[in-house]
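Colleague: Could you walk me through this model, one question at a time? I would like to see how each answer is reached.

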Amino acid sequence: MEKRGEPIRVTRSSMPPFEEYAAMIRPLWDSRWLTNMGDLHQSLEAGLKEFLKAENLSLFTNGHLALEMTLQAFQLKGQVITTPFTFASTTHAIVRNGLTPVFCDIREDDYTLDPEKLEALITEETSAIVPVHVYGNLCQTDAIQEIADRHGLKVIYDAAHTFGVEVNGRSAASFGDASMFSFHATKVYHTIEGGAVAYRDPALAHEINGLKNFGILDEETVALVGGNGKMNEFQAAMGLCNLRHVEQEIEKRRRVYERYRERLSGVDGIRLCPKQPGVKMNYAYMPVVFEGYRLSRDEVFARLTERDIHPRKYFYPCVNAYQCYKDRFSPEDTPIAARISREILTLPMYADLPVETVDEICDIILE
């Protein structure tokens, strides 16, 4: 089989024009202020707060530290209910805070935490819920919040996939007590590496911003046991450039997404996510479930990789099937998540993916 000139990856980072980024970072050679909340950092924080309609927002060097330190800032104890159908970071952030994750199964249609299974998992040891908006699909936020309020629990969302997503004009940044966003290079919007947390209570800024700076409050006061989660000026510069173009990038993604749906909708054995009512999407991923299709998920994966097209088994395996947790949890406790993880494939999705390549991918799947 003839090798293609360039492999098709599952994603490809969006980049601003080189000259635009170069102009943004040029003043750094004069100021030599490269980190520690410089001018670009402050500008980006303000810009993202406005774009995401966030009451309060703090930047981080990556999304994982944003989540880990936010959990620390809430001073949680005991058990935290979350989903096993997520990236490793979500559960690792919980465990690294000395908390015990309790896994709730997911919904069949949008793969988010199922609130109908949530309340039965709450015990006297439960202190918080960490749901995950998956592939840009929003959780059942009203139902989750109602349960949390009834039991006096904090709700901290892993919103890594939902940059710019809104429902009926309400931003994903506004739900729960806090929401973590990832600005990793593979995301819809990125700062090379990076992340942020949006939060409701302005008083939380003292803890969050202190924790990301080693707990240092001033030159002579170290009040918290913190770490280093500060975003540097080069990341902030990339973020400011990409923020100018993100709406256009999302529109390009929409065209790719709609072409996939046009080609793959209505095919027996292939299931696509239904569009959520009232939701302004960001077209972050193109997940496809192969359930009863004439080819298994793994067979489709193999056929595509043979053509130098590289989708991703995302998320597989479920977190509660990870080797590092094998003696603590079992995927059998969350059967829907376990099954979906074996059947799902995220197809290549990025702003500059040609429609002709989308057709080639669909042809291989359907041939």
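Modeller: Helices (H or I, at least four residues) and strands (E, at least two) are DSSP runs, numbered from the N terminus. This is a predicted model, in which local features need pLDDT of at least 70 and side-chain atom pairs count only at pLDDT 80 or more, while totals for chains, interfaces and linings use all residues. Residues are numbered from 1 along each chain as its sequence is written, and side-chain values use heavy atoms, with hydrogens and water left out.

Colleague: How do the side chains of R259 and E262 meet?

Modeller: Side chains of opposite charge can pair when their charged atoms come close. The term used here requires a side-chain nitrogen of Lys or Arg within 4 Å of a carboxyl oxygen of Asp or Glu. For R259 and E262 the N to O value is 3.3 Å, and their side chains meet in a salt bridge.

Colleague: Is E262 buried or exposed?

Modeller: Buried means under 20% relative accessible area, exposed over 50%, and partly exposed in between (1.4 Å probe, protein chains only). R259, at 24%, counts as partly exposed. E262 has a relative accessible area of 56%, so this residue is exposed.

Colleague: Which residue forms a salt bridge with E249?

Modeller: E249 is buried, with a relative accessible area of 13%. The closest N and O atoms are 3.5 Å apart, and the partner is K252.

Colleague: How far apart in sequence are the parts that E108 and R271 tie together?

Modeller: E108 and R271 form a salt bridge, with the closest N and O atoms 3.4 Å apart. E108 is partly exposed at 32%, whereas R271 counts as buried at 18%. E108 lies in the loop between strand 3 and strand 4 and R271 in strand 12, so the parts tied together are apart in sequence by 163 residues.

Colleague: Which residues are linked with E108 and R271 in a network of salt bridges?

Modeller: The structure holds 26 salt bridges. Besides E108 and R271, the network includes E291, R339 and E343.

Colleague: In which sense do strand 2 and strand 3 pair?

Modeller: Two strands pair if DSSP finds at least two bridges between them. I81 stands opposite V102 in strand 3. Strand 2 (residues 79-82) and strand 3 (residues 100-103) have four bridges, and the sense is parallel.

Colleague: Which residues of strand 15 are buried on its two faces?

Modeller: In a regular strand the side chains alternate between the two faces of the sheet. Strand 15 (residues 344-347) is covered on both faces. One side has I344 and T346, and the other has L345 and L347.

Colleague: Which residue stands opposite T346?

Modeller: Strand 14 (residues 286-290) pairs with strand 15 in the antiparallel sense over four bridges. Opposite T346 in strand 15 stands P287.

Colleague: Which helix gives the largest share of the lining of the second largest pocket?

Modeller: Among the residues lining this pocket are T141, D142 and A143. Three residues make up the largest share, and they come from helix 6 (residues 141-151).

Note on methods
On a 1 Å grid over the protein atoms alone, a cavity is a set of points where a 1.4 Å probe fits but cannot get out, and a pocket is an open set with protein on both sides within 12 Å along at least five of seven lines; lining residues have an atom within 4 Å of a point.
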